[in-house]
Amino acid sequence: MSHQRIIVAIDGPAGAGKSTIAKSVAAKLGFVYIDTGAMYRAVALWSLRAGIPETDIHKIEQLAAEAVISFEAGSERVFLNGEEVTSAIREPEVSAAASKVSAIAGVRRAMVEKQREMASDGSVVMEGRDIGSVVFPDARVKIFLDAPPKERVHRRHRELHRRGLPADPNGTARELQERDHRDRTRAEAPLVQAPDAIYLDSGGLTIEQVEEQVLKIVRERTANGREYSR
C-alpha cells in the first residue's frame, strides 16, 4: 500500500472554530498543525516593530519574503526569525494589522510558498482562508468550517476574555464584520469555499462533535484513513 502525505485543508471565516478543530484533529492523526493566520500575524508583528507604515507595500512584501516562520510540532508555539512570538502575535493591534497585511498580494505569495514548503515534509492539517482554493487546490481533504455570525462573535469574545484582553461585544461584532468583508472582497485569494470542499456548520455543536465529523471526512477521503504517512 502506498503511503503518501495527506493535506487536510480547513478554511472558513474568523471565529468559526478552525484553530481549535485543526489542532485537535492534527493531534489525533499525528499530523503537523499549521496555523496560516499565525504566519500573517508574524509578518504584521515584524512590520509594526520595524515601524513600517501599512502603506509601504513594497517594504512589507520584502519582510514577508525574508521572514523565517516555524511551528513547534506537538505544541502551539510560533517562532519568527528564531524568537518565540506565540502570545505577541495575538495582541489586538497585531490582529488588526494582520488583516490588512494579508490582503497584500506579494505577502500572500510569499506565505503560500512557505506553506507549500512546510507541507512537503509530511502530512499536515492547515487552516486559513484560502488553503483549499489557492494554497492546495489538489488537497484530498477540504473542509469549509462556518458558524452563525452571532456564535462567531460570542466565541471571539470568549477567547479575548480568556486571554485577559478587553472585549466589548459590539466592538467584537464590528471587528468580525470588517474582517469578513476584507477577507471576502480582497482581490488576492479571497475567502471562498472551494467547489470540492465539504461545508460544515459548527453552530450548536460541541468541539468533540465537530472533531468527530472532520475525522469522519478524513477517513472517507483517504481510503478509511489507512493511506497516510506521518
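**Close-up views of a predicted chain**

**View 1. Asp11 and Phe144, face to face across two strands.** Asp11 stands opposite Phe144 in β7. The strands here, like the helices, are DSSP runs numbered from the N terminus (E, at least two residues, for strands; H or I, at least four residues, for helices). Strand β1 (residues 7–11) and β7 run parallel, joined by four bridges; two strands pair if DSSP finds at least two bridges between them. A quick note on the model: it is a predicted one, where local features need pLDDT of at least 70, side-chain atom pairs count only at pLDDT 80 or more, and totals for chains, interfaces and linings use all residues. Residues are numbered from 1 along each chain as its sequence is written, and side-chain values use heavy atoms, with hydrogens and water left out.

**View 2. Strand β7, from its other neighbour to its two faces.** β7 also runs parallel to strand β8 (residues 198–201), again with four bridges between them. In that pairing, Asp146 stands opposite Asp201 in β8. How many of the six residues of strand β7 are buried? Six of the six residues in β7 (residues 141–146) are buried, so the strand is largely enclosed by the rest of the structure. Buried means under 20% relative accessible area, exposed means over 50%, and partly exposed is in between (1.4 Å probe, protein chains only). In a regular strand the side chains alternate between the two faces of the sheet. Here, Val141, Ile143 and Leu145 point one way from β7, while Lys142, Phe144 and Asp146 point the other way, and all are buried.

**View 3. A three-stranded open sheet with Leu80 in it.** The order in this sheet is β3-β4-β5, and the pairing is antiparallel. β3 (69–71) and β5 (83–84) are the edge strands, each pairing on one side only. Between β3 and β4 there are three bridges, and Ser70 has Phe79 as its bridge partner in β4. Leu80 belongs to strand β4 (residues 78–80). Leu80 counts as buried because its relative accessibility is 4%. Skip the neighbours within four places in sequence, and Leu80 is in contact (heavy atoms within 4.5 Å) with Ala42, Trp46, Ala67, Val68, Ile69 and Val85. As for Met39, which is 41 residues apart from Leu80 along the chain, the two C-alpha atoms are separated by 8.7 Å.

**View 4. Asn81 and its positive phi.** Go on to the loop between β4 and β5 and you find Asn81. Asn81 is not a glycine, yet it has a positive phi of about 50°. Is Asn81 buried or partly exposed? With 37% relative accessibility, Asn81 counts as partly exposed.

View 5. Ser102 sits in the loop between α4 (92–101) and α5 (105–119), and Arg108 is found in helix α5. Both are buried: Ser102 has a relative accessible area of 7%, and Arg108 is at 3% relative accessibility. Which residues does Ser102 touch, not counting those up to four places away in sequence? Ser102 touches Tyr40, Arg108 and Arg186. With neighbours within four places in sequence left aside, the contacts of Arg108 are Tyr40, Ser102, Asp130, Arg186, Glu188 and Ala189.

**View 6. Arg158 on helix α7.** Arg158 lies in helix α7 (residues 149–162). Its relative accessibility of 44% makes Arg158 partly exposed. From Arg158 to Gly51, 107 residues apart along the chain, the C-alpha atoms are separated by 31 Å.

**View 7. Zooming out to the whole chain.** The chain has nine helices and eight strands. Its radius of gyration is 17 Å, which agrees with the value near 17 Å for a compact globule of 230 residues; the radius is taken over C-alpha atoms, and the globule rule is 2.2 Å times the number of residues to the power 0.38. Along the principal axes, the C-alpha atoms fill a box of roughly 55 × 40 × 30 Å. Of the 230 residues, 47% count as buried. Among contacts with a separation of 6 or more, 74% come from residues 24 or more positions apart.
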